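Thanks, everyone. Let's take a quick look at one region of this structure. Have the view open while I talk.

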Amino acid sequence: MDKKIRILLAEDELALAHIVRESLEQENFEVILCANGEQALQKYTQHQPDILALDVMMPKMDGFAAAKKIRETDRTTPIIFLTARSQPKDVVAGFESGANDYLKKPFSVEELIVRIRVLLSDNRLLVRPKNKAVNEHFQIGNLVFSPNKNSLQQGITAWPLTARESELLKLLCRNEQEVITRQTLLKDIWGDDNFFNARSLDVFITKLRRHLQADPNIQLINIRGIGYKLVW
């Protein structure tokens, strides 16, 4: 029997929380329900969920603060924000606090389930291919990037990347020294080139630049109005 996916759901609107929990449980998810940010942190530590869905506006500690606290020690467990706040500054703040996805209220549980499965899948494929494991790696200047491990390494020092950071860097590496358009990145990784995903891309480009600063010869160049080029 397949192991149930354990999702930590933090939502202070009790009626909505119970509807979402029941719908997820009907799809064979294990749901850990929390009513505020402080409780979410406690339950996260106790249960080590596979993924977190956090409301932004919660009592005691909001979703942004909870995500930042989690990201101090855990950069790999996916986090989805569930919120009615959809202004550009809110979306950017969400991704900067460590989110992997941002789902605007009101949302369908079916869409939430699809996003959960995508974030937990290999290479964002909903069906994992069998017998096709590839130990792919890229030499970027004096850094070694291993997409299957979601890691960058310099000498004996290695540091983790989030799944989304890894996906983005892999596309850039596969098009090294060439311009890859923003639309291509958005369509391939986010599945849509809408405004909110475009802002998310900007945040993740900034994160990648910070990682790549370990080798000053590496440049992630912005070709204004077109896209990006990775050179070293």
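Predicted model: local features only at pLDDT ≥ 70, side-chain atom pairs only at ≥ 80, totals over all residues.

**A sheet and the helices beside it**

I'll start with a strand pair. β10 and β12, the latter covering residues 227–231, run antiparallel and share 3 bridges. Within that pairing, Ile-180 has Tyr-228 of β12 as its bridge partner.

Now widen the view. The pair belongs to an open sheet of 3 strands, ordered β10-β12-β11, and the pairing is antiparallel. Which strands stand at the edges? They are β10, residues 179–181, and β11, residues 219–223. Each has a single partner strand, so one side of each has no neighbour in the sheet. From one strand to the next, the twist averages 30°.

Next, the helices. α6, residues 163–174, lies across β10, β11 and β12. Against β12, α6 runs at about 75°.

Who makes the contact? From α6, we have Arg-164, Glu-165, Leu-168, Leu-169 and Leu-172. From α8, they meet Leu-201, Phe-204, Ile-205, Lys-207, Leu-208, His-211 and Leu-212. What is the make-up of this contact by class? We get 8 nonpolar, 1 polar and 3 charged residues.

Over to you for discussion.

Definitions and conventions: Residues numbered from 1 in each chain as written. Heavy atoms only, no water. Pairing = 2+ DSSP bridges. Helix = DSSP H or I, 4+ residues; strand = E, 2+ residues; numbered from the N terminus. Axes fitted to C-alpha atoms, helices over the stretch in contact; angles between N-to-C directions. Contact = heavy atoms within 4.5 Å. Nonpolar A, V, L, I, M, F, W, Y, C, P; charged D, E, K, R; others polar.
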